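Morning, everyone. Please have the sequence and the model open side by side. I'll go from single residues out to the whole chain.

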Amino acid sequence: MSDSTFPVIKLYGVYGYPVGHSLSPLFQNEAFRIANLNAVYLPFSVEPERLREAVEAVRALQMGGINITIPHKQTVIPYLDQIKGDALLTGSVNTIVNRNGELIGYSTDGDGFLLSLRKEAGFEPADKEVIILGAGGASRAISFALARSKVRSLHLVNRNPERATLLRRDLLERLGFEVKVYDYSDPELKRLAAAADLVINTTPVGIFPEVDATPPFPLEYCAAGRLVCDIIYRPQETKWLKRASELGLRTLGGLGMLIYQGILSFSLWTGITPSEEPLRAVLNKALVVSTGQDGD
């Protein structure tokens, strides 16, 4: 009987809870195919109490890397060997690179969002009034990216005042950037909405399959033509964005952010920057097929 040698497939994936909605496996596997790399990317549903074990599995299985999504972007940090770049600044990780057993955390969310904002919406954030809904990992990455882009003012709206206050403190301590914090019941939100150039939903409210849910923010007070963003990409047009469009506001969904942050993650793992257009095409097709219109 002759010996057979099987090629070693490099394993990558995404850790989240839940993670079944993620299009990252489709995206990254297509990128590996185009780059002709012997690798596979899988979704892993990781309960919060099992996160440490899951991170250790990256070493044990000699995985190339992992994406991190809700709710692990901050809680994963103590289990890593080091964090670099935006992750070091923001305290949020969405990409882990395995360098010979050393696990290094990065964040590509902020830069991915800015690329989408500028390339798809033609929006330059410098000197603009911005409102962000939510104070989780994605909000942290986007808040720091916008602060470094020299927005004029940044307002955080969140159900949990402690989490938002912590983000406020970190922005002040690390960038010297002052922000204000509000909850959804604050009557001041109407005035802020009227003055805002950009409103961003970073919460999971409205994500598939809970597509009828909307953040309780007074969009009707925003001035016509202002930009409303939702980092949710499944559905591509959330009910919140549809309402914004009906009010005469410009809208931007989350698919672009998914694509650009995914390209940046792929580059960190492989040193290769994949072409955007074929990856966008495969995601658009999947979103249309999956629910008739809709989609980390």
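Start at H72. H72 sits in the loop between β3 (65-68) and β4 (82-83). A word on those labels: helices (H or I, at least four residues) and strands (E, at least two) are DSSP runs, numbered from the N terminus. Is H72 buried or exposed? Buried, with a relative accessible area of 1%. Buried means under 20% relative accessible area, exposed means over 50%, and partly exposed is in between, using a 1.4 Å probe and protein chains only. Which residues does H72 contact, leaving aside neighbours within four places in sequence? Y15, G16, Y17, V46, E47, P48 and L51. Contact here means heavy atoms within 4.5 Å.

Two housekeeping points. This is a predicted model, where local features need pLDDT of at least 70 and side-chain atom pairs count only at pLDDT 80 or more, while totals for chains, interfaces and linings use all residues. Residues are numbered from 1 along each chain as its sequence is written, and side-chain values use heavy atoms, with hydrogens and water left out.

Next, the backbone. Y17, one of the contacts of H72, is joined to P18 by a cis peptide bond, with omega about 5 degrees. P18 lies in the loop between β1 (10-16) and α1 (24-34). There is also a cis bond from R234 to P235, with omega near 5 degrees. Find P235 in the loop between β11 and α8 (239-246).

Now look at phi. N36 is not a glycine, yet its phi is positive, about 60 degrees. N36 is in the loop between α1 and β2 (39-45). It counts as exposed, at 68% relative accessibility. D127 also has a positive phi, near 65 degrees, and is a residue other than glycine. Its place is the loop between α4 and β7.

On to the inside. In soluble globular proteins, nonpolar side chains tend to be buried together. How many residues are in the largest nonpolar core here? It has 30. A nonpolar core is a set of buried Ala, Val, Leu, Ile, Met, Phe, Trp, Tyr and Cys residues joined through side-chain atoms within 4.5 Å. L117, L146, L154 and I200 have the most contacts inside this core. Seven elements each supply at least two of its residues: α4 (109-121), β7 (129-133), α5 (137-148), β8 (153-157), α6 (161-175), β10 (198-201) and β11 (227-230). Which gives the most? That is α5, with six residues.

Zoom in on L117. Not counting residues up to four places away in sequence, L117 touches G122, F123, P125, L146, L198, L227, C229 and L252. A second, separate core has 23 residues, including L23, A39, V97 and Y233.

I131 is in strand β7. It is buried, at 0% relative accessibility. Beyond four places in sequence, its contacts include H155, V157, L198 and F217. L189 is 58 residues from I131 in sequence, but their C-alpha atoms are 9.5 Å apart.

M257 is in helix α9 (residues 255-270). At 6% relative accessibility, M257 is buried. M257 and S116 are 141 residues apart in sequence, and 5.5 Å apart in space, C-alpha to C-alpha. Outside four places in sequence, M257 touches S116, F113 and I142, among others.

R250 is in strand β12 (residues 250-252). R250 is partly exposed, with a relative accessible area of 36%. Among the residues it touches, beyond four places in sequence, are A121, F123 and L227. Its C-alpha is 8.5 Å from that of C229, which is 21 residues away along the chain.

Finally, zoom out. The protein has ten helices and twelve strands. Of its 296 residues, 52% count as buried. The C-alpha trace spans about 80 × 45 × 30 Å along its principal axes. For 296 residues, a compact globule would have a radius of gyration near 19 Å, and this protein agrees, with 19 Å. That radius is taken over C-alpha atoms, and the globule rule is 2.2 Å times the number of residues to the power 0.38.

That's my tour. Over to you.
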